[in-house]
Amino acid sequence: MIYSGKLINLNAGPAALPDQVLQQAAEAVLNFEHTGMSVLSIPHRGVHFNKILEESKALVKELCWLDDDYEVLWMHGGGRLQFAMIPMNFLGEHGTAGYIDSGNWSADAIRHASFYGNVEVLTSTKKHGYQLLPEWPEHISADLAYVHMTSNNTIYGTQWDEIPRVDAPLIVDMSSDIFSRAMNYTNCSLFYAVAQKNIGPAGATLVVVRKDMLQRIQRNLPPMLNYNEHVAEKSVLNTPPVFPIYVSLLMLRWIKSRGIAAIEEENRRKAALLYDEIDRNPLFSTSVKKEDRSMMNICFRAVDERTGEMFNDFCTETGIVNIKGHRSTGGFRASLYNAVSLEDVKYVVAAMQEFETTNK
């Protein structure tokens with residue numbers, strides 16, 4: 001197989017970004033919109049960054065089909081800060097929050113929430129190694145402070161088909177599949193996503209919260225840990241991550257130009273192509289339950305350790321990078337986020353077929 005010189009980056013995050021976005025970001029580092037200033041140096045309370053914030057927030061609402069009942073925030077701290085802030089704000093000392101335990105990140109969210117109130121694990125597949133999604137609970141009490149779920153599990157390669165409607169406020173970690181397909185975001189009282197998968201570079205976190213949810217904040221919290229304070233200060237309570245937010249804006253423009261429907265169609269084709277090869281190729285397999293398989297994170301293994309080592313070396317030689325599985329699970333993981341093209345996936349499949357031919 002001839003390596004063309006273009007790397008196929010399948011990293012789970014920080015993930016690949018489109019060439020167009022990278023070029024625009026590079027130009028802005030030198031000269032932001034002909035201002036003579038670098039985007040790295042524009043004032044975070046100035047007119048230029050305010051325009052970036054306002055456009056990015058408007059695009060998030062447009063792409064999620066949301067009205068003015070929702071507030072859009074850009075924050076620091078990644079997913080783990082949200083794991084803590086959510087119960088800090090919405091789980092009182094005598095209340096109970098329900099959690100869907102479908103993988104590593106939902107388990108970590110549960111651990112954080114247990115510091116602030118009662119946590120009820122509504123359903124879990126931990127005993128099955130998270131190789132499948134848990135059955136959705138038949139009944140979820142409306143008395144719960146909220147229900148938390150993770151829409152896509154990056155480490156184990158499982159994904160929920162839809163965002164359900166529940167009687168209690170629903171909070172969803174959408175870090176690895178936001179903007180990848182059409183979803184009913186209005187079923188959420190709050191959803192959040194770290195930027196470094198489908199939105200932009202590492203360093204920013206998107207939080208979208210329904211205004212009536214903000215009325216449920218129960219604790220007297222320091223401003224930096226209170227969602228209402230961030231809303232009041234329009235995401236500039238302190239110096240925000242200016243450059244990651246700007247690149248996220250470029251990515252949001254790119255997503256809008258392609259359209260969510262077209263992106264979803266391509267994502268489904270990409271995933272089907274790679275899963276078909278894994279199922280066909282005798283050198284590889286996946287233990288993820290078929291109906292629970294993720295479109296975003298394709299997790300699989302080689303038939304034995306030696307074959308796995310050889311395939312990893314072969315990928316490096318042919319320009320396929322960051323395909324190793326998570327350190328806790330091993331094997332391989334191809335993260336097919338929006339910026340990974342169908343042609344990229346075809347190249348990966350061709351590499352797997354050539355590896356099979358030469359290693360029968």
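**A tour of helices and aromatic rings**

Begin by selecting helix 3 and helix 4 together, where Arg80, Phe83, Ala84 and Pro87 in helix 3 meet Trp105, Asp108, Ala109, His112 and Ala113 in helix 4. Keep in mind throughout that this is a predicted model.

With these residues still shown, turn the view until the two helices can be followed along their lengths. Two packed helices are described by the angle between their axes and the distance between the axes. Here helix 3 and helix 4, the latter covering residues 104-113, pack at an angle of about 45°, and their axes lie 8 Å apart. Because angles of 65 to 115 degrees would count as roughly perpendicular and those under 35 degrees as roughly parallel, helix 3 and helix 4 are therefore oblique to each other. The crossing in which helix 3 passes helix 4 is right-handed.

Next, look for aromatic rings, of which the model holds 14 pairs. Select phenylalanine 90 and tyrosine 227, which form a stacked pair, with 5.6 Å from centre to centre and 10° between the planes. This pair links distant parts of the chain, since phenylalanine 90 belongs to helix 3 (residues 78-90) and tyrosine 227 to helix 6 (residues 227-232), 137 residues apart. Are these two residues, phenylalanine 90 and tyrosine 227, buried or exposed? Phenylalanine 90 is buried, and tyrosine 227 is buried as well.

Now move to tyrosine 130 and tyrosine 156, whose ring centres are 5.1 Å apart and whose planes stand at 55°, so that this pair is tilted. It also links distant parts of the chain, with tyrosine 130 in the loop between strand 4 (118-124) and strand 5 (147-150), and tyrosine 156 in the loop between strand 6 (152-153) and strand 7 (158-159), 26 residues apart. Tyrosine 130 and tyrosine 156 are both buried.

For a group of rings, select Phe284, Phe300, Phe311, Phe314, Phe332 and Phe355, which together form one aromatic cluster.

Finish at helix 2, residues 47-63, whose 17 residues reach 24 Å from the first C-alpha to the last, close to the 24 Å expected at 1.5 Å a residue. Colour its buried residues, among them Phe49, Ile52, Leu53, Ser56 and Lys57, and then show what surrounds them: the buried residues of helix 2 pack against strand 2 (70-75), strand 10 (205-210), helix 7 (242-258) and helix 8 (260-280). Just after helix 2, select tryptophan 65, which takes a positive phi of about 55°.

Conventions: Residues are numbered from 1 along each chain as its sequence is written. This is a predicted model: local features need pLDDT of at least 70, side-chain atom pairs count only at pLDDT 80 or more; totals for chains, interfaces and linings use all residues. Side-chain values use heavy atoms; hydrogens and water are left out. Helices (H or I, at least four residues) and strands (E, at least two) are DSSP runs, numbered from the N terminus. The expected span of a helix is 1.5 Å times one less than its number of residues. Buried means under 20% relative accessible area, exposed over 50%, partly exposed in between (1.4 Å probe, protein chains only). Contact means heavy atoms within 4.5 Å. Rings of Phe, Tyr and Trp (its six-membered ring) pair if their centres lie within 6.5 Å; planes under 30 degrees apart count as stacked, over 60 as edge-to-face and the rest as tilted. Axes are lines fitted to C-alpha atoms, for helices over the stretch in contact, and angles run from 0 to 180 degrees between N-to-C directions. Angles under 35 degrees count as roughly parallel, over 145 as roughly antiparallel, 65 to 115 as roughly perpendicular and the rest as oblique. A crossing is left-handed if the near helix is turned anticlockwise from the far one by less than a right angle, and right-handed if clockwise.
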